[in-house]
Amino acid sequence: MTAPIRAEAHPSRGPCLMAVLRMAGLRPTRQRLALAELLFSGPHRHVNAEQLHSEAEEAGVSVSLATIYNSLHQFRQAGLLREISVDASRSYFDTDTTDHHHFFIEDEQRIEDIPSDSIRIAGIPDAPEGMAVTHVDVIVRVKKVGRNG
């Protein structure tokens, strides 16, 4: 069971998020609405399941980590989020679903946007028969360098 979304923060947000979830083919459960409020109430951002779980706990939303993972994947499948796989065991979810690329700041375990016009990709092969390229993800890994180096 979840705590209610704080109406004073966004008085008209509840009905709006309910409509967004319904249009995406998702039933607007209390938990989905609470998570959608956390994800979409501010500017575009990148979040992993553990971060969202911590934010939910801080907001008084009682939800399991498994439910967070399931909801993030459901939001992605519905086109509300974009998944960025950093490696086989780590994914971030981006509220900006437009075509763009990312820096992965290794020292901080953080994702940052690269403007779409900053990278040019050439020579993308034709997709296998019966398939279409949906998008191309570029993740540029960076880390801080020492002042001596």
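The questions below cover the sheets, the helices and a few single residues.

Colleague: What should I know about the numbering and the atoms used?

Modeller: This is a predicted model, in which local features need pLDDT of at least 70 and side-chain atom pairs count only at pLDDT 80 or more, while totals for chains, interfaces and linings use all residues. Side-chain values use heavy atoms, with hydrogens and water left out, and residues are numbered along each chain as its sequence is written, from 1.

Colleague: What is the strand order in the open sheet of three strands?

Modeller: Helices (H or I, at least four residues) and strands (E, at least two) are DSSP runs, numbered from the N terminus. Two strands pair if DSSP finds at least two bridges between them. With antiparallel pairing, the open sheet has the order 1-3-2.

Colleague: Why is one side of strand 1 and of strand 2 left without a neighbour in the sheet?

Modeller: Strand 1 (46-47) and strand 2 (82-87) stand at the edges, so one side of each has no neighbour in the sheet. The reason is that each has a single partner strand.

Colleague: Which residue of strand 3 is the bridge partner of His 46?

Modeller: Strand 1 and strand 3 (residues 90-94) run antiparallel and are joined by two bridges. In strand 3, the partner of His 46 is Asp 94.

Colleague: Is Tyr 92 buried or exposed, and what is its relative accessible area?

Modeller: Tyr 92 lies in strand 3. Buried means under 20% relative accessible area, exposed over 50%, and partly exposed in between (1.4 Å probe, protein chains only). Tyr 92 therefore counts as buried, at 2%.

Colleague: Which backbone oxygen does the side chain of Tyr 92 reach?

Modeller: Contact means heavy atoms within 4.5 Å. Not counting residues up to four places away in sequence, Tyr 92 touches several residues, among them Val 47, Arg 82, Phe 104 and Gln 109. A polar contact is a pair of N or O atoms within 3.5 Å; within protein, one must be able to donate a hydrogen and the other to accept it, and residues adjacent in sequence count only if both atoms are side-chain atoms. At 2.7 Å, the side chain of Tyr 92 reaches the backbone oxygen of Gln 109.

Colleague: Which residue takes a positive phi in the hairpin of strand 4 and strand 5?

Modeller: Strand 4 and strand 5 (residues 110-114) run antiparallel, joined by five bridges, and His 102 stands opposite Asp 113 in strand 5. The hairpin has four residues between the strands, and the positive phi, near 50°, belongs to Gln 109.

Colleague: How are helix 2 and helix 3 oriented to each other?

Modeller: Nine of the 11 residues of helix 2 (residues 30-40) are buried. Axes are lines fitted to C-alpha atoms, for helices over the stretch in contact, with angles from 0 to 180 degrees between N-to-C directions; the axes of helix 2 and helix 3 come within 10 Å and cross at roughly 110°. Angles under 35 degrees count as roughly parallel, over 145 as roughly antiparallel, 65 to 115 as roughly perpendicular and the rest as oblique. Helix 2 and helix 3 are therefore roughly perpendicular.

Colleague: Which residues of helix 4 make the contact with helix 3?

Modeller: Helix 3 (residues 49-58) and helix 4 (residues 65-77) pack at about 120°, with their axes 9 Å apart, and are therefore oblique to each other. From helix 3 the contact uses Ala 49, Glu 50, Leu 52 and His 53, and from helix 4 Leu 65, Ile 68, Tyr 69 and Leu 72.

Colleague: At what distance does the side chain of His 53 reach the backbone oxygen of Val 63?

Modeller: His 53 is in helix 3 and is buried, with a relative accessible area of 17%. Its side chain reaches the backbone oxygen of Val 63 at 3.1 Å.
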